[in-house]
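Hello,

I am passing this structure on to you. Please open it first, then read my notes below.

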Amino acid sequence: MLHRFADSDKVLSMRENWIRPLLNEARAQGLERTAHAYPETGGKIKIDGQEVLNFASNDYLDLAHHCHVMDCARKALDQYGIGSTASRLVTGTLPIHEELEERLAKEKGFEAALVFGSGYMANVGTIPALAGRNDIIFADKLVHASMIDACKLSGAKLVRFAHNDPTALKKRLEQFPATNNRRLIITESIFSMDGDIAPLTEIAALAAQHGAMLMIDEAHASGTFGPHGSGLIREHELENSVTVSMGTMSKAFAGYGGFIACSEILRNLLINSARAFIYATAPPPSVIGAALGIMDVLESSPRLGVILQANADSFRSLLHTAGLDTLQSQSQIIPIMIGDNEKAVAISNKLREQGIIAAAIRPPTVPIGSARLRLSVTLAHHIDDLEYAAKLIIAAVKK
Ligand SMILES: Cc1ncc(COP(=O)(O)O)c(C=O)c1O
């Protein structure tokens, strides 16, 4: 028996001997990644008895431990058990999935909504249903990896346009005119790594002028901008100019799962063709219960996003005044441009020793040469926490 294991180990190591050089190369470039376990979640956590300010959490509204949200999750768990136990088109759709979709549609200002297993799956499921092999997708240079993966999966021609630049998009639309094909523009309202805001009104006008569909990823704007946290599409009253509004329950909603809001007929098409919807188990009851609880909180406390943005503004101006480069950030996501991969990691490690978690984000998540600290302000950070953190961050970056 022992002998057989030794043999198979040897075969395995021969089969896997291509892995080590790849990892060594990543390490040499300062790009090796590791996943550490943290004892708690949220913007302020305790590690080995020390209070740590966590600027890497996407729990922007500090709702992950909200008692009403946890009660709603527990209620759904008690009523339905731990899983939905089937895919949505078989027996996995529960009344709470339908209730959540109805509320999301209303909140986002669209006819209908469809919940997916994650934000990643919402993008990967929706985009290939909108565009196929003969079609063209125009994507902002900085859209999230899930949108790029979705474009690849769709087989459509992918045309990139300069980040947040309507003139560049216009040129691309003129360069690749409509023939017998469909054209789809994709962008984010708040960019995940830059924290800047897309010129949605101009992009929507171009989409209308050129007869293109428009899909906007509101992963980081859902809950944090717009009336009741309904996002920037609603804030700019663009519901009728946008084909798909995408969102996730994993950021300000503090849980898990993704969704899209769209017309009723498009929802029907997705139910019939989005593979990430059809061939996956329905999201579990407790997760859906929690999302319903979050929607109650957003309804009863509509100013949470406003307070978050005011706090983020004052934090950003402290960093800015000290000469740090926060790119075009206008949201709770504040990057600090460093450039070099190893330097970004060294600053992040130094801050960690001082009780600040400031994630170093490196390529391929961001373009080569633009490694940065990505800071997420959350409502767990009080103004004095932000002032204290700003001092340490400024000192660490300047050194
Ligand atoms: C812009 C954007 N879209 C989509 C996703 C994917 O969402 P999820 O984490 O819920 O799968 C993310 C998350 O990182 C994101 O930042």
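How many residues surround the ligand, and which are the closest? The count is 15, and the closest are Asp217, His220, Thr248, Ser250 and Lys251. Keep in mind that this is a predicted model.

Contacts of the ligand

Start with Asp217. One of its polar side-chain atoms lies 2.6 Å from a nitrogen atom of the ligand. At Tyr120, a polar backbone atom is 2.8 Å from an oxygen atom of the ligand. At Gly119, a backbone N or O atom lies 3.0 Å from a ligand oxygen. On its own, the ligand has 390 Å² of accessible area, and the protein covers 85% of that.

The shell around the ligand

Two elements, α6 (119–130) and β8 (244–248), each supply at least two residues of the shell. The largest share comes from α6, with 3 residues. By class, the shell has 9 polar, 3 nonpolar and 3 charged residues.

The pocket

Where does the ligand sit? It is in the largest pocket. That pocket holds about 1500 Å³ of space. Its lining has 50 residues, and Tyr38, Ala56, Ala359, Ala360 and Ile361 are the closest to the centre. Elements that give two or more lining residues are β1 (44–47), α6, β8, α15 (341–353) and β12 (359–361). The most come from α15, which gives 4. The lining divides into 20 nonpolar, 20 polar and 10 charged residues.

Over to you.

Best wishes

Definitions and conventions. Residues numbered from 1 in each chain as written. Predicted model: local features only at pLDDT ≥ 70, side-chain atom pairs only at ≥ 80, totals over all residues. Heavy atoms only, no water. Near = heavy atom within 4 Å. Polar contact = N/O pair within 3.5 Å; in protein donor to acceptor, adjacent residues only side chain to side chain. Areas by Shrake-Rupley, 256 points an atom, 1.4 Å probe, with all protein chains shown as cover. 1 Å grid on protein atoms, 1.4 Å probe; cavity = no way out; pocket = protein on both sides within 12 Å on 5 of 7 lines; lining within 4 Å. Sits in = over half its atoms within 2 Å of the grid points. Nonpolar A, V, L, I, M, F, W, Y, C, P; charged D, E, K, R; others polar. Points joined across faces, edges and corners; volume = space filled by probe spheres on them.
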